[in-house]
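Dear colleague,

I am passing on the structure we spoke about, with a short account of what I found in it. Please have the coordinates open as you read.

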Amino acid sequence: MSRNVSGQAYALTVLTPILDGHAAELTAHLDGLPEGDASPLARVPGTHLGRWVVIDQLKYQGHGQRHRDSLAASRLLFTSNFDGDLNGYLERLRTGLGEDADAVWGHCRGYPGNRDRDGFARWLRAHEIEAALFFAA
């Protein structure tokens, strides 16, 4: 059993590299997305929580940190908690977001577009990170 599953809930975490020079435009787009019932993620059945975050720097923990890590490219973090299996959710994500998926992930390397059903799911799965711990009440 996957550490991403707790009961019927699944924790999806996807980390994708942003194309060079696209981080600011992507951030502005994400900042302009509506919230609540108007959110594009509200159109994806089964979603309990969903969030996109642009990561452009790693946390510097002070002079005691021996090596200061840096990212070769900014990353887009997508997290979602939902009911059901991953394959079904990725299809609901693709169809529910529609062109909004392209407006967001189109800024990321290798994104195949939402019209490529198999490619969309394969690309997200290729960038999925397993949860270290997931608990759903």
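In this predicted model, F78 has a relative accessibility of 1% and, because the cut-off for buried is under 20%, counts as buried. W52, with a relative accessible area of 12%, is buried as well, and the two residues form a tilted aromatic pair, 5.4 Å centre to centre with 40° between the planes. The pair links distant parts of the chain, since W52 lies in strand β3 and F78 in strand β4, 26 residues apart.

A second pair, Y111 with F120, is edge-to-face, at 6.2 Å centre to centre and 75° between the planes, and both of its members are buried. W52, F78, Y111 and F120 belong, together with W105 and W123, to one aromatic cluster, and the whole structure holds 8 aromatic pairs.

Leaving aside neighbours within four places in sequence, W105 is in contact with residues including T16, W52, F78, L93, Y111 and F120.

Finally, in α1, residues A23, L26 and L30 are buried; seen down the helix axis, the buried residues of α1 fall within an arc of 65°, so they line one face of the helix. These buried residues pack against β3, β4 and α3, whereas A24, E25 and D31, on the other side of α1, are exposed.

Notes: Residues are numbered from 1 along each chain as its sequence is written. This is a predicted model: local features need pLDDT of at least 70, side-chain atom pairs count only at pLDDT 80 or more; totals for chains, interfaces and linings use all residues. Side-chain values use heavy atoms; hydrogens and water are left out. Contact means heavy atoms within 4.5 Å. Buried means under 20% relative accessible area, exposed over 50%, partly exposed in between (1.4 Å probe, protein chains only). Helices (H or I, at least four residues) and strands (E, at least two) are DSSP runs, numbered from the N terminus. The arc is that of the directions from the helix axis to the C-beta atoms. Rings of Phe, Tyr and Trp (its six-membered ring) pair if their centres lie within 6.5 Å; planes under 30 degrees apart count as stacked, over 60 as edge-to-face and the rest as tilted.
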